[in-house]
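Trainee: Could you take me through this model feature by feature, giving the general idea before the particular case?

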Amino acid sequence: TTTTTTTTRANLGGISSARAAFRYPKVGRPSASRVRNNSPLLRSSVAPSSGPRTSRLRMANDALQDVSTEEGYADSRGASQVYFYKYQGLGNDFIMVDNRHCPDPIFSSEEAVALCDRRFGIGGDGIIFLMNPPTAADVASEDPDATSTAKAAEYDYAMRMYNSDGTEPEMCGNGIRCLARFVAELEEHTVPRSYKFHTLAGLIVPEVNPNGMVSVDMGEPRITPEEVPTTLKATGENENYPNSVVLQELAVGGEMEAVPSAEEMFAPYEERMENQMKRRTQGEVKERWLVTCVSMGNPHAVTFGRPGEETLGGTLDVENLDLDYYGPLFEKHEAFPEKINTHFCKALYDNPESLEDLTDAVKVLHWERGAGRTLACGTGACSVVVAGVLEGRLKEKCLVYVPGGPLQIEWRRSKDNHVIMTGPAQLVYKGLIPV
């Protein structure tokens, strides 16, 4: 089967290194008994044309299978297996399932946990279901004030998802890039092409490019406490956004202050010794951080460090941060009623001596609610740039260096206030799941 793609080349600027590293995997056609991984790579060739330079992508001996034509799907005929497709975006990996033959996800949240297990299942940060777009009745039930038919017509597809712990998030930035790439290959669409996805966070519009990159219009960031949501109060630190939670102090950890009070210092000897031992135990001491809160359809807390140690670039040593310790403390903090995705950041400068200038690069570690430590988080990278702009650290267009590689993020404040994310999405392999 041959998939043909025609497009004019695009210039993505600062993420050329990520583009150069993007390769399609060897993917074999799965059988009912085992999954193979041995078919040729996608091959590219230049198509003759009198116009702009174009490219063709060919996938030999294989094609993604459509639910209506391929046996092996759990459909009304009672098949006992279902195809899955493993995709990744900068190491944030997902199990993809074409679910358009059923109105609800064919796997439960408990089954999603089992499938995402990296030793006893397929392995992944989540499982994503490609769904049919909502009907006018569905839209009316979500928003009684909407013009149902017109709203329903806005969408091409819908997205549902479970995290690796079985929780259902509103949306996932890396996941939506992978889903868009999945649709383009599944339907053999010519690219560049954009899609309108219905998600629990609203309308999301990704555009698939032939070089493996996917650009996503993530919509407008929400920055008031009620929109995040968080019980933290607006700080007024940014005069242009006085109702936003910017550089707000957040205490995490135990109940003990790092420095003993005068009352504690004059307590009985046994009590002082007990408190001294507690301070040497991880989790007993209360630590204060400065956070900025943003919602990209899901809640995020961004921190560049602690109070009292503040420089423009932040003082956080992200290379040596104990993410497995601090991540859960933020995620389950009482200030975040729906839990929180947390991002630990350090702004990067060509000249560390010149910290008064805004920079266009930032290094980030992600802790995602429901998934824990991940190599990349698309909505998180967007929230980092928004927070960095609000704090006066970052430019509106940045490279966000996550453990899996760079993402290009732009907050178009003066144009439409939307955040645009650009990064890769790649098919890793596919196979069959018994059901």
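**Reading strands, loops and cysteines**

Mentor: Let us begin with a pairing: β14 is joined to strand β15 (residues 359-368) by six bridges, and the two run antiparallel. Two strands count as paired if DSSP finds at least two bridges between them, while helices (H or I, at least four residues) and strands (E, at least two) are DSSP runs numbered from the N terminus. This is a predicted model, in which local features need pLDDT of at least 70 and side-chain atom pairs count only at pLDDT 80 or more, whereas totals for chains, interfaces and linings use all residues. Residues are numbered from 1 along each chain as its sequence is written, and side-chain values use heavy atoms, with hydrogens and water left out.

Trainee: Which residue in β15 is the bridge partner of T342?

Mentor: The partner of T342 there is W367. β14 also pairs with strand β13 (residues 299-305), in the parallel sense and over four bridges, and in that pairing H300 stands opposite N341 of β14.

Trainee: How many of the seven residues of β14 are buried?

Mentor: Buried means under 20% relative accessible area, exposed means over 50%, and partly exposed lies in between, using a 1.4 Å probe and protein chains only. Six of the seven residues of β14 are buried, so this strand is largely enclosed by the rest of the structure.

Trainee: How should I read the two sides of a strand, taking β5 as the case?

Mentor: In a regular strand the side chains alternate between the two faces of the sheet. In β5, G126, I128 and L130 point one way, I127, F129 and M131 point the other way, and all of them are buried. Because six of the six residues of strand β5 (residues 126-131) are buried, this strand is largely enclosed by the rest of the structure.

Trainee: Which strands are joined to β5 by bridges?

Mentor: Strand β6 (residues 157-163) runs antiparallel to β5 and is joined to it by six bridges, with G126 standing opposite N163 of β6. Strand β4 (residues 92-98) runs parallel to β5, and five bridges join them; here M96 has I128 as its bridge partner in β5. From β4 the chain crosses through helix α2 (residues 109-116) to β5, in a β-α-β crossover that is right-handed, meaning that, with the strands pointing away from the viewer, the path from the first strand over the helix to the second runs clockwise.

Trainee: What should I look for in the backbone of the loops?

Mentor: Look at omega and phi. The peptide bond from V191 to P192 is cis, with omega near 10 degrees, and P192 is found in the loop between α5 (173-186) and β7 (193-194). A cis peptide bond also leads from V228 to P229, with omega near -5 degrees, and P229 is found in the loop between β10 (213-217) and β11 (248-253). As for phi, K339 has a positive value of about 65 degrees although it is not a glycine; K339 lies in the loop between α8 (323-331) and β14 (341-347), and is partly exposed, with a relative accessible area of 37%.

Trainee: How many disulfides does a search of the whole structure find?

Mentor: A disulfide is a covalent bond between the sulfur atoms of two cysteines. With the criterion of a pair of cysteine sulfur atoms within 2.5 Å, the search finds zero disulfides. C172 is in no disulfide, the nearest cysteine sulfur being that of C377, 6.4 Å away. C172 is buried, with a relative accessible area of 6%, whereas C102 is partly exposed, at 25%.
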